[in-house]
Amino acid sequence: MSSLQNASPQAQPQQSSLSFTQGFLLGQLSVVILIGCFIKFFIFGDPPSPETTASARALARRDRSRSVSLTSSSSHPHKLNSKRSASHVLRPPPRLTTATILAKTYYNVNSHQPESLDWFNVLIAQTIAQFRNDAHDDDAILESLTRVLNGQQKPGFLSDIKVTEISLGEEFPILSNCRVHPVDDGDTNGPEGPRLEARMDVDLSDFITLGVETKIILNYPKPLTAVLPVALAVSVVRFSGTLSISFLPSHPTPASTPSGAPQQPPSTTPTTLAFSFLPDYRLDLSVRSLVGSRSRLQDIPKIAQLVDSRLHAWIDERCVEPRVQQVVLPSLWPRKKNTRGPGSADEEEAVPKEVLRDVREEARREVEEERRRDRERREREEGSQGMVDASGFEEGLRWRNRAYENMPGSMPGMMVN
């Protein structure tokens, strides 16, 4: 009986120590499993296919555009109607509706076949080629990108961003399948009726690359706790979508005047060229990443997904329907300040600045040299005239002295004052 009582206290500490060891090992094993699942599925997990991602984004954009259009239509139920000041000298143009414009240009929106834009593609290709040549001649694009990336919107945990690679590509966008149709929306239509909109398909397969490198600075719990180098290169592989272009006519806007101030006449918004992309566009990117200094992680999928989502969100917020980009159109009437060519007032503006500066410097040097010669010539003439006057004065003084000495009653050595 005493032996059993002595054995029971020894078994209890052994059992408790065994349970503690098992719990500790189980906890460590669970942490290792969680870390392994995080690394496998979150960091090195396979991203979804581009087709699945593009279809999901197109569906989300379509739903978002529908909700935004419904909200804008409900918030603007009435349209501003105000008459412009009529001119008594200039005859008002005849009121042309959209149907009249289509009839006069022999364009039937119901039966007209979509057009190929081969000639327009050639003009766009020449413009892009000239832009690429200008970018290679100087470092303007490099300086602009560096200034934008290191602007005020840069996060505080990033050091200076350095551009390491820029490639503007070698291919050109191909526009096709252009069709024109009227769009009836109450916000942008004028008194002529629904505005006309041209839609065309855009396809670009190229390799446009921007590479940067920076450092992630960790300032917790104290400044410069750790520094993590990061190198990133983003390439646009393909872009395809539908481009929408239309003219937004000018319309009067009410002038906001404070209370007690005199009433101001209503201002007029300028005519703009609006363009946007339909929500079903597709943008394929190639993202290369390198994180670390010694043991580096290369091409982390989650970084690629983060960059891809941020670029799509940036485009959606700016030029995807119902949002549009507007370009103000200048006046089409001929003006003197827009004239170029021989004999024009602004002819020197067409000359390169370096050539114009050299010509002005050469002309300035010639004028200064001519002024210096004139000044030296005048000084020589004045000096010679002074010498002649002095010699003449002395000769006359000697002649008068001789004449005075020869006078009767004069003493030798006397001078005339």
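Start by selecting arginine 377 and aspartate 374: both sit in helix H7, three residues apart, about one turn of the helix. (Helices are DSSP runs of H or I with at least four residues, strands are runs of E with at least two, and both are numbered from the N terminus.) The two side chains meet in a salt bridge, 2.6 Å from N to O. That term asks for a side-chain nitrogen of Lys or Arg within 4 Å of a carboxyl oxygen of Asp or Glu. Arginine 377 counts as partly exposed, because its relative accessibility is 38%; buried means under 20% relative accessible area, exposed over 50%, and partly exposed in between, with a 1.4 Å probe and protein chains only.

A word on what you have open: this is a predicted model, in which local features need pLDDT of at least 70 and side-chain atom pairs count only at pLDDT 80 or more, while totals for chains, interfaces and linings use all residues. Residues are numbered from 1 along each chain as its sequence is written, and side-chain values use heavy atoms, leaving out hydrogens and water.

Stay on H7 and pick arginine 373 and glutamate 369. They form a salt bridge too, with the closest N and O atoms 3.8 Å apart, and they are four residues apart in the helix, which spans residues 353-405. Arginine 373 is partly exposed at 43% relative accessibility, and glutamate 369 is partly exposed at 28%.

Next, jump to aspartate 201 and arginine 179. Their salt bridge has its closest N and O atoms 3.4 Å apart. This pair links distant parts of the chain: aspartate 201 is in strand S3, arginine 179 in strand S2, 22 residues apart. Both count as partly exposed, aspartate 201 at 24% and arginine 179 at 26%. The salt bridge count comes to 16.

Which of its 15 residues touch the most other members? Select Met200, Tyr281, Leu283 and Ile315. Two or more residues each come from strands S2 (174-183), S3 (195-218), S4 (226-248) and S8 (282-291), and from helix H6 (301-319). S3 gives the most, with three residues. Centre on isoleucine 315: leaving aside neighbours within four places in sequence, it is in contact (heavy atoms within 4.5 Å) with Tyr281, Leu283 and Val320.

In strand S8, click on serine 289. Is it buried or exposed? Serine 289 counts as buried, because its relative accessibility is 4%. A polar atom of its side chain lies 3.1 Å from the backbone nitrogen of isoleucine 300. Beyond residues up to four places away in sequence, serine 289 touches Ala231, Leu232, Leu297, Gln298, Asp299, Ile300 and Ile303.

For a surface stop, go to helix H1 (residues 2-43) and pick phenylalanine 38. This residue is partly exposed, with a relative accessible area of 45%.

Finally, zoom out. The protein chain has seven helices and 10 strands, and 18% of its 417 residues count as buried.

Terms used:
Core = buried A, V, L, I, M, F, W, Y, C linked by side-chain atoms within 4.5 Å. Polar contact = N/O pair within 3.5 Å; in protein donor to acceptor, adjacent residues only side chain to side chain.
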